Number of protein chains: 2
Amino acid sequence: MASTDPAVRTAAGRLRVAVPSVAERVASELRLQLAEGALLPGARLTESTIAEDLGVSRNTVREAFAELASERLVVRHPNRGVFVASLGAGDIHDVYTVRRAIEVSALRGGGSPEDVAAVRAAVEEGKRAAVAGDDEAGGTANQHFHGAIVAMAGSPRLNTIMAQVLAEMRLFFHKATADAYFYQHYLPDNEAICEALEAGELDRAADLLSAYLDRSEDKLADVHGESGTE
Amino acid sequence: MASTDPAVRTAAGRLRVAVPSVAERVASELRLQLAEGALLPGARLTESTIAEDLGVSRNTVREAFAELASERLVVRHPNRGVFVASLGAGDIHDVYTVRRAIEVSALRGGGSPEDVAAVRAAVEEGKRAAVAGDDEAGGTANQHFHGAIVAMAGSPRLNTIMAQVLAEMRLFFHKATADAYFYQHYLPDNEAICEALEAGELDRAADLLSAYLDRSEDKLADVHGESGTE
DNA sequence: AATCGAAGGATTGTTGAACAATCGCTAAAT
DNA sequence: ATTTAGCGATTGTTCAACAATCCTTCGATT
């Protein structure tokens, strides 16, 4: 998620506890507020305001902005400021294009038994959330499911790309989260995909996932429908 | 490639000529030096030195570093400085995992006749370079080829991801570029893939590309072989 | 002699203040 | 009503300073 390593090895070889830089902490804080919906898409982030609120220098806020901008969570308008990114219809399709490419590829490659177990665990997590009627938990479980699929590829780069894409989607999911059945509706799909994966039928699992993503995109596009494109 | 848009629309609706910020210009300059091999992997980039050399503030250099770090062209070691990224064996495999996911997916999706024509153009560009014996031109033609494949997906995000990955690879390609036949060797593959694509046999084209990438990775791993892993 | 520990120097991380450039807005002028 | 000019605010960038941290060197100890 963060661009720099959490644990650093000093020259002497000792492992040092990672104490995130102030800029990274600011970025994390903003990331949190973005995920929580405290900062809505399109909202403006004034440097001086945030600097005061968080008790840091304006320059440090600036560095945090650079990090968030590289993650597309925020958009820089030169000389105008940074704004919380707002995804339009085109962006939704784009994000799903990325997800299709990454997730399907990872699923086709299969994974170790532990990797598969992680996918299964995410499925069960989703079921429990559904039983408890906890939509938010269902949402995170769903993200765990897809994260576990990508993790099968064992690729750090794919993992970070996936994490960023999911963070982007979380940006406007507040709207969709209201739909009570939004996540539960996908539970059978997750189950089917997981079963195919466990049975070693990778191609079938990949096809199921692909169809799953297509439907998910359509649904999200419907829910969205009206918001601004840029 | 750059994180901010090149052309910005002012509130009044007028189109403003994109004058890249100083930080972006510094980042571009460093990117250029990295691509040219003026800065070798592992080399240290001292803030004050670069600030003086380019006649900008240390703070601005810092912002440029943040951008390059987000592109993985440079690695930040907290309190130690930033270093030109050096790819180890694991990184090579990882980069190719990303490429397989993205390129194969884009190829499977097919594209418009114009998209296919762009792929064909890149193939011919590579042939001309081979005839002329220009290895460097052959290398860029090869990158155009793969870039055109990804462009078929019509996804801005996939395009930037691909661009970053290619930039990463260029980082240590200086070593491999020495091999005269390195790129030419792949020309038949490019031709075959392009023909399958033009024939509308997307699955076959995708399989060819996948095999191509596997072989390319093996070859690159061999050439590499000895360099540091971190 | 080898290991350990304590200065020393250098570089990064962060702050604060300053200033020019640019933007959006308001109000005046045509 | 449209355009122009001016104004306030915010960003972009620089500069200077200081604390924190690291690497190295040197010296002390066993």
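Mentor: A helix here is a DSSP run of H or I that spans at least four residues, and helices are numbered from the N terminus. In that sense, B:Pro188 belongs to helix H9 of chain B, which covers residues 187-198. The model is a predicted one.

Helix H5 of chain A (residues 113-132) packs against helix H6 of chain A (residues 135-151), with an angle of about 170° and axes 8 Å apart. An angle over 145 degrees counts as roughly antiparallel, and H5(A) and H6(A) therefore run roughly antiparallel to each other. On the H5(A) side, the contact is made by A:Ala118, A:Val119, A:Ala122, A:Val123, A:Glu125, A:Gly126 and A:Ala129. H6(A) contributes A:Ala137, A:Gly138, A:Thr140, A:Ala141, A:His144, A:Phe145, A:Ala148 and A:Ile149. Sorted by class, the residues in this contact of H5(A) with H6(A) are 10 nonpolar, four polar and one charged.

Now the chain around that pair. Chain A has 230 residues, and 44% of them count as buried. Among contacts in chain A with a separation of 6 or more, 71% join residues 24 or more positions apart. The accessible surface of chain A is about 10,900 Å², and carbon and sulfur atoms account for 54% of that area.

B:Glu103 sits in helix H4 of chain B, residues 89-109. B:Glu103 counts as buried because its relative accessibility is 0%, and buried means under 20%. Leaving aside residues up to four places away in sequence, B:Glu103 touches B:His146, B:Ile149, B:Val150, B:Met162, B:Leu209 and B:Leu213.

B:Pro188, in helix H9 of chain B, is a case at the other end of the scale. Its relative accessible area is 54%, so B:Pro188 is exposed; the cut-off for that is over 50%. B:Pro188 lies 61 residues from B:Lys127 in sequence, and their C-alpha atoms are 9.5 Å apart in space.

Last, the cysteines. A:Cys194 has a relative accessible area of 0% and is therefore buried. B:Cys194 also counts as buried, at 0% relative accessibility.

Definitions and conventions: Residues are numbered from 1 along each chain as its sequence is written. Chains are lettered from A and ligands numbered from 1 in the order in which they are written. This is a predicted model: local features need pLDDT of at least 70, side-chain atom pairs count only at pLDDT 80 or more; totals for chains, interfaces and linings use all residues. Side-chain values use heavy atoms; hydrogens and water are left out. Buried means under 20% relative accessible area, exposed over 50%, partly exposed in between (1.4 Å probe, protein chains only). Helices (H or I, at least four residues) and strands (E, at least two) are DSSP runs, numbered from the N terminus. Contact means heavy atoms within 4.5 Å. Axes are lines fitted to C-alpha atoms, for helices over the stretch in contact, and angles run from 0 to 180 degrees between N-to-C directions. Angles under 35 degrees count as roughly parallel, over 145 as roughly antiparallel, 65 to 115 as roughly perpendicular and the rest as oblique. Ala, Val, Leu, Ile, Met, Phe, Trp, Tyr, Cys and Pro count as nonpolar, Asp, Glu, Lys and Arg as charged, and the others, Gly among them, as polar. Accessible areas come from the Shrake-Rupley method with a 1.4 Å probe; for residues, only the protein chains shown count as cover.
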